[in-house]
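Work through the exercises below with the sequence and the coordinates at hand, and try each task before reading its solution.

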Amino acid sequence: MSRAGERNRRILIIDDNITIHKDFQIILSPDSTKEGINKLAQNLFDDQKNQYKRTKFIIESATQGKEGLEMVKKALDEGRPYALAFVDMRMPPGWNGLETIHRIWNVDKNIQFVICTAYSDYSWNEIKEKLGASDRLLILKKPFDTIEVQQLASALTEKWNLAKQATLTINE
């Protein structure tokens, strides 16, 4: 939890392809059209039970690993850490996804990561060798499915929040 009782739903997208950023925005941002339909149905039919519910995420974007690292540092300094980052494996001309994750974990060990890749540049053993075995890392193959992205975002931000709550409880 980033602030007293507040759920952290902050997600960072690190990808050199701007189209991918837009895809994540569409998938993870609330659809105002459906919200409008919900309000209309509620007003017309007093329909509370059939409302379209979706977790609201805060999505921010970086086009290179170095930019993502700076955004993570700034977010930590401001007390608004990211719970999750989706990171592309290939981001020429800068750092690749593994290097980006490695450097960000040196600054923020709590952030959850999803590596997004269409190619098998590295074996799972090579990834573990570079980053270590971690329960904070998953791989999502491109092209990805909308429901997979929504589930990963929901599950991993919730996991971040539960880990933070456990740490706070232990420290108390």
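**Exercise 1.** Which residues of α6 are buried?

*Solution.* The model is a predicted one, and burial here requires under 20% relative accessible area. By that criterion the buried residues of α6 are Val149, Leu152, Ala153, Leu156, Thr157, Trp160 and Asn161. The helix that carries them runs over residues 146-171, and its 26 residues reach 38 Å from the first C-alpha to the last, close to the 38 Å expected at 1.5 Å a residue.

**Exercise 2.** Describe the aromatic pairs in which Phe24 takes part.

*Solution.* A search of the whole structure finds three aromatic pairs. In one of them, Phe24 and Phe86 are tilted, with 4.7 Å centre to centre and 40 degrees between the planes. Since Phe24 lies in helix α1 and Phe86 in strand β3, this pair ties together parts that are 62 residues apart in sequence. The rings of Phe24 and Phe144 have centres 5.1 Å apart and planes at 35 degrees, so this pair is tilted. It links Phe24 in helix α1 with Phe144 in the loop between β5 and α6, 120 residues apart. Phe24 and Phe86 are both buried, as are both Phe24 and Phe144, and Phe24, Phe86 and Phe144 form one aromatic cluster.

**Exercise 3.** Where does the charged end of Arg10 sit?

*Solution.* The charged end of Arg10 is placed over the ring of Tyr82, 4.4 Å from its centre. Arg90, in turn, lies over the face of Tyr119, at 4.1 Å from the ring centre.

Terms used
Residues are numbered from 1 along each chain as its sequence is written. This is a predicted model: local features need pLDDT of at least 70, side-chain atom pairs count only at pLDDT 80 or more; totals for chains, interfaces and linings use all residues. Side-chain values use heavy atoms; hydrogens and water are left out. Helices (H or I, at least four residues) and strands (E, at least two) are DSSP runs, numbered from the N terminus. The expected span of a helix is 1.5 Å times one less than its number of residues. Buried means under 20% relative accessible area, exposed over 50%, partly exposed in between (1.4 Å probe, protein chains only). Rings of Phe, Tyr and Trp (its six-membered ring) pair if their centres lie within 6.5 Å; planes under 30 degrees apart count as stacked, over 60 as edge-to-face and the rest as tilted. A charge sits over a ring if NZ of Lys or CZ of Arg is within 6 Å of the ring centre and within 35 degrees of the ring normal.
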